[in-house]
Amino acid sequence: MRSAPWWALVTSGCAPVLLVGSWMIAQLRQGPEYDPARQTLSVLASYGAASYWLMTGMLLVLGTCYVATAHALRPAAPAGRVALAGGGLCALALTLVPVPNSGGALEHGAVSTVGLVLLAVWPPLAAVRDRRPVPWALRLDVSLAASALMGASALWFLAELQSAGAPGVAERVVTFVQALWPFLVVVSCRRSAA
């Protein structure tokens with residue numbers, strides 16, 4: 001089985017680090033009026049926010065990381081690679097439809113939802129169903145478990161949005177898990193080929 005190239009470790013590894021680093025810096029820049037538990041990351045990327053350009057740049061690089069990682073994951077099934085790249089394109093598209101500084105935006109919500117769904121379903125779509133040894137992160141059972149975790153955290157995020165509870169916490173969990181999984185897949189592909 002082919003391995004993922006070495007540079008896939010960079011593209012996939014940058015995604016979770018960039019995501020968390022950007023939201024931490026953006027929260028500090030936004031000041032004490034921003035409540036990370038109750039407010040979403042979209043507030044940090046909205047027009048007029050103190051870190052609009054930081055969060056917009058993060059989305060551009062994050063989306064590019066997902067697309068590049070999808071290209072590099074040659075051991076994965078093509079449908080999963082397409083879904084991962086689609087999630088990356090949604091991150092890029094979010095820069096075109098940021099949330100206005102007051103209220104919500106239907107376009108932003110639609111793009112975010114499509115991106116969350118694509119990133120939640122890509123693991124089982126990428127699973128390899130061969131009889132030969134398969135990298136552990138591309139086994140169907142492991143991929144289904146990862147997808148279930150992403151789906152459950154996305155549903156938690158939706159429930160928190162509806163109840164006005166702590167959507168910021170739930171969103172950070174789902175986006176971090178979705179950003180970390182491609183890195184774990186790349187690592188498993190490289191280790192199995194070694």
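A: Let's start with a term. A crossing is left-handed if the near helix is turned anticlockwise from the far one by less than a right angle, and right-handed if clockwise. Helices here are DSSP runs of H or I with at least four residues, numbered from the N terminus. The model is predicted, so local features need pLDDT of at least 70, side-chain atom pairs count only at pLDDT 80 or more, and totals for chains, interfaces and linings use all residues. Residues are numbered from 1 along each chain as its sequence is written, and side-chain values use heavy atoms, with hydrogens and water left out.

Q: OK. Which hand is the crossing of helix 5 and helix 6?

A: Left-handed.

Q: And how do their axes sit?

A: The axes of helix 5 and helix 6 cross at roughly 160° and come within 6 Å. Axes are lines fitted to C-alpha atoms, for helices over the stretch in contact, and angles run from 0 to 180 degrees between N-to-C directions. Helix 5 and helix 6 are therefore roughly antiparallel to each other. The cut-offs are under 35 degrees for roughly parallel, over 145 for roughly antiparallel, 65 to 115 for roughly perpendicular, and oblique for the rest.

Q: Which residues make the contact?

A: From helix 5, Leu116, Leu119, Ala120, Val121, Pro123 and Pro124. From helix 6, Leu140, Ser143, Leu144, Ala146, Ser147, Met150, Gly151 and Phe157. Contact means heavy atoms within 4.5 Å.

Q: What classes are they?

A: The contact of helix 5 with helix 6 has 11 nonpolar, 3 polar and no charged residues. Ala, Val, Leu, Ile, Met, Phe, Trp, Tyr, Cys and Pro count as nonpolar; Asp, Glu, Lys and Arg as charged; the others, Gly among them, as polar.

Q: Now helix 4 and helix 5. What angle do they pack at?

A: About 160°, with their axes 8 Å apart. Helix 4 covers residues 78-94 and helix 5 covers residues 106-126. Helix 4 and helix 5 are therefore roughly antiparallel to each other. Helix 4 passes helix 5 in a left-handed crossing.

Q: Who touches whom there?

A: On helix 4, the contact residues include Ala79, Gly80, Ala83 and Cys90. On helix 5, they include His108, Val111, Ser112 and Trp122. By class, the contact of helix 4 with helix 5 counts 13 nonpolar, 6 polar and no charged residues.

Q: What about helix 3 against helix 4?

A: Helix 3 spans residues 52-72 and packs on helix 4 at about 165°, with axes 7 Å apart. Helix 3 and helix 4 are therefore roughly antiparallel to each other. Helix 3 passes helix 4 in a left-handed crossing. Among the contact residues are Tyr66, Thr69 and His71 of helix 3, and Arg81, Leu89 and Leu92 of helix 4. The contact of helix 3 with helix 4 divides into 12 nonpolar, 6 polar and 1 charged.

Q: New topic. Is Val174 buried or exposed?

A: Val174 counts as buried, at 1% relative accessibility. Buried means under 20% relative accessible area, exposed over 50%, and partly exposed in between (1.4 Å probe, protein chains only). Val174 is found in helix 7, residues 167-193. Leaving aside neighbours within four places in sequence, Val174 is in contact with Leu116, Met150, Ser153 and Ala154.

Q: Where is Ser153, then?

A: In helix 6, residues 140-163. Ser153 is buried, with a relative accessible area of 6%. Not counting residues up to four places away in sequence, Ser153 touches Ala170, Val173 and Val174.

Q: And Ala164?

A: Ala164 lies in the loop between helix 6 and helix 7. Ala164 is exposed, with a relative accessible area of 54%. The C-alpha atoms of Ala164 and Ser51 are 23 Å apart, though the two residues are 113 apart along the chain.

Q: Last one. How many salt bridges are there?

A: The count comes to 1 salt bridge. The rule asks for a side-chain nitrogen of Lys or Arg within 4 Å of a carboxyl oxygen of Asp or Glu.

Q: Which side chains meet in it?

A: Those of Asp141 and Arg139, at 2.9 Å, N to O. Asp141 is partly exposed at 46% relative accessibility. Arg139 is partly exposed too, with a relative accessible area of 36%.

Q: Why can they pair up?

A: Side chains of opposite charge can pair when their charged atoms come close.

Methods:
Helix = DSSP H or I, 4+ residues; strand = E, 2+ residues; numbered from the N terminus.
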